[in-house]
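Have the sequence handy as you read.

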Amino acid sequence: MSESITVTVECFGELRTLMAGDTATLAVAAPHTPAALIAAARQQHPGAADLLSRTACARGDTLLAADAVLADGDTVALIPPVSGGQPEQAPDARHLRAAELDLDALMAETEDETCGALVVFGGTVRLANNGRDVTAMDYSAYGPLAARTMAEIEAETIERFGVAACRIQHRTGRLGLGAVSVYIVVRAVHRAEAFDAARHALEELKARVAVWKNEHYADGSSAYLEGTEVVGPERPRGDRR
């Protein structure tokens, strides 16, 4: 297995800027693994080398282990640290929406007369961040993995806290000041579990979901917000090799 193969990579978050496009084609030497793919990307795009060292690989809705086998002609998504989208693939409207989020629909979907507690969290685009005036926020997402992860967080939250319902929905695209970017709706018999479950779902969303934030400022500049490195089968957190 000495010949190289050709793999198309989809770039997300700040990698789009650092690798000068939404996609790139890489020649990957044996052993044709995600680890070799990252090495090839770092060599071809040295300006992105640091971020690539903290980047995971996904195929479809599945994170790839470092020793997974890639095939010639594969398409692989590069998942830099998330800060969780305009999705590159049609979004799962249950979890990702390019249109305005519909709180009424989420309320109706989770309605349960056995519950005495309802907690709704809504995240909005705020005027200032770290001392800089904000004008808008672009949310981008890797749709297949983001939707799957949000569904997993919902199920985990229900099981861990014993709540009746947990729903998460995230907006994609460019949002202006005050626009709602995410809703989390939790219903439970008692308020303590509902509050704890909603906070847990929010923190897991921010740490795990493949969503990136590009903040636009009043001076005309923009910057991607620092994210959390995806921890999956790729390698343990902190391994930069």
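Which residues form one aromatic cluster? The members are F12, Y142 and W212. Keep in mind that this is a predicted model.

**The aromatic rings**

Let's take the cluster pair by pair. There are two aromatic pairs in the structure. A pair of rings is described by how far apart the centres are and by the angle between the planes. Here is how the two work out:

| Pair | Centre distance | Plane angle | Type |
|---|---|---|---|
| F12 and Y142 | 5.1 Å | 55° | tilted |
| F12 and W212 | 5.5 Å | 20° | stacked |

Why is one pair stacked? The planes of F12 and W212 are 20° apart, and planes under 30 degrees apart count as stacked. For F12 and Y142 the angle is 55°, so that pair falls into the tilted class, between the cut-offs of 30 and 60 degrees.

Another ring to look at is Y217. R132 sits over its face, 3.8 Å from the ring centre.

Now for the loops. Between β2 (residues 23-28) and α2 (residues 34-44) there is a loop that contains P31. The peptide bond joining A30 and P31 is cis, with omega at about 15°. H32 has its place in the loop between β2 and α2 too, and its phi is near 55°, a positive value in a residue other than glycine.

A20 also has a positive phi without being glycine, near 60°. You'll find A20 in the loop between α1 (residues 15-18) and β2.

Are A20 and H32 buried or exposed? A20 is exposed, since its relative accessible area is 72% and the cut-off for exposed is over 50%. H32, at 6% relative accessibility, counts as buried, because the limit for that is under 20%.

**Helix α6**

Last stop: α6, which runs over residues 191-208.

Which residues of α6 are buried? They are A194, A197, A198, H200, A201, L202 and L205. The elements covering these buried residues include the helix α5 (143-161) and the strands β7 (117-124), β10 (165-171) and β12 (180-188).

Note on methods:
Residues numbered from 1 in each chain as written. Predicted model: local features only at pLDDT ≥ 70, side-chain atom pairs only at ≥ 80, totals over all residues. Heavy atoms only, no water. Phe/Tyr/Trp six-rings, centres within 6.5 Å; stacked < 30°, edge-to-face > 60°. Lys NZ or Arg CZ within 6 Å of the ring centre and 35° of its normal. Helix = DSSP H or I, 4+ residues; strand = E, 2+ residues; numbered from the N terminus. Buried < 20%, exposed > 50% of the residue type's maximum accessible area, 1.4 Å probe, protein only. Expected span 1.5 Å × (residues − 1). Contact = heavy atoms within 4.5 Å.
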